[in-house]
Amino acid sequence: IDVLDFSQEEAVNIIQTLPEGFRKVLNLYVIDGYKHREIAKMLNISVGTSKSQLNRARKLMKQKLIEYSKTKTNEIS
């Protein structure tokens, strides 16, 4: 699956469905460019938790993009 297959609006809508902790870490790391140490300090979590939540957010995001892609493909067919 390629993120480029989705519009910015579609990607943002899917990000908004992520659990709050996942969404915060994903946004701070990917969009805002913070390091895990900085995120951990801002959110009062451990560095390990920041890394874990980012990894889980990415996996869940991929899963949701795949599901959305299948739905989108079925609508076109």
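# A tour from the Lys24–Glu20 salt bridge

Start by selecting Lys24 and Glu20: their side chains meet in a salt bridge (3.1 Å, N to O). The term requires a side-chain nitrogen of Lys or Arg within 4 Å of a carboxyl oxygen of Asp or Glu. A search of the whole structure finds one salt bridge. Because Lys24 and Glu20 are four residues apart in helix α2, about one helical turn separates them. Lys24 is partly exposed at 37% relative accessibility. Glu20 is also partly exposed, at 48%. Buried means under 20% relative accessible area, exposed over 50%, and partly exposed in between (1.4 Å probe, protein chains only).

This is a predicted model, in which local features need pLDDT of at least 70, side-chain atom pairs count only at pLDDT 80 or more, and totals for chains, interfaces and linings use all residues. Residues are numbered from 1 along each chain as its sequence is written, and side-chain values use heavy atoms, with hydrogens and water left out.

**Zoom out: the whole chain**

Show the cartoon. The protein chain has four helices and zero strands, in the order α-α-α-α. Helices (H or I, at least four residues) and strands (E, at least two) are DSSP runs, numbered from the N terminus. Now colour by pLDDT, the predictor's confidence in each residue, from 0 to 100. The chain averages 89, and 90% of the residues score at least 70. Among the elements, α1 has the lowest mean pLDDT (88) and α3 the highest (98). Of the 77 residues, 23% count as buried. Contact means heavy atoms within 4.5 Å. Among contacts between residues at least 6 apart in sequence, 60% join residues at least 24 apart.

**Helix α1: two faces**

Select α1 (8–15). Its buried residues are Glu10, Ala11, Ile14 and Ile15. They lie on the same side of α1 because they cover an arc of only 135 degrees around the axis. The arc is taken from the directions from the helix axis to the C-beta atoms. Turn to the face away from this buried side: Gln8 and Glu9 are the exposed residues there.

**The largest nonpolar core**

A nonpolar core is a set of buried Ala, Val, Leu, Ile, Met, Phe, Trp, Tyr and Cys residues joined through side-chain atoms within 4.5 Å. The largest one here has 13 residues. Select Ile15, Leu18, Leu26, Ala57, Met61 and Leu65, the members that touch the most others. The elements giving two or more residues to this core are α1, α2 (20–31) and α4 (47–76). Next, centre on Met61. Leaving out residues up to four places away in sequence, Met61 touches Ala11, Ile14, Ile15 and Leu18.

**His36 in α3**

Move to His36, in helix α3. His36 counts as buried, at 13% relative accessibility. Its side chain makes a polar contact with the side chain of Ser50 (2.8 Å). A polar contact is a pair of N or O atoms within 3.5 Å; within protein, one must be able to donate a hydrogen and the other to accept it, and residues adjacent in sequence count only if both atoms are side-chain atoms. Display the surroundings of His36 too. Neighbours within four places in sequence aside, His36 is in contact with Tyr29, Val47, Ser50, Lys51 and Leu54.

**Last stop: Asn44**

Select Asn44, in the loop between α3 (36–43) and α4. Its phi is near 55 degrees, a positive value in a residue other than glycine. Asn44 is exposed, with a relative accessible area of 71%.
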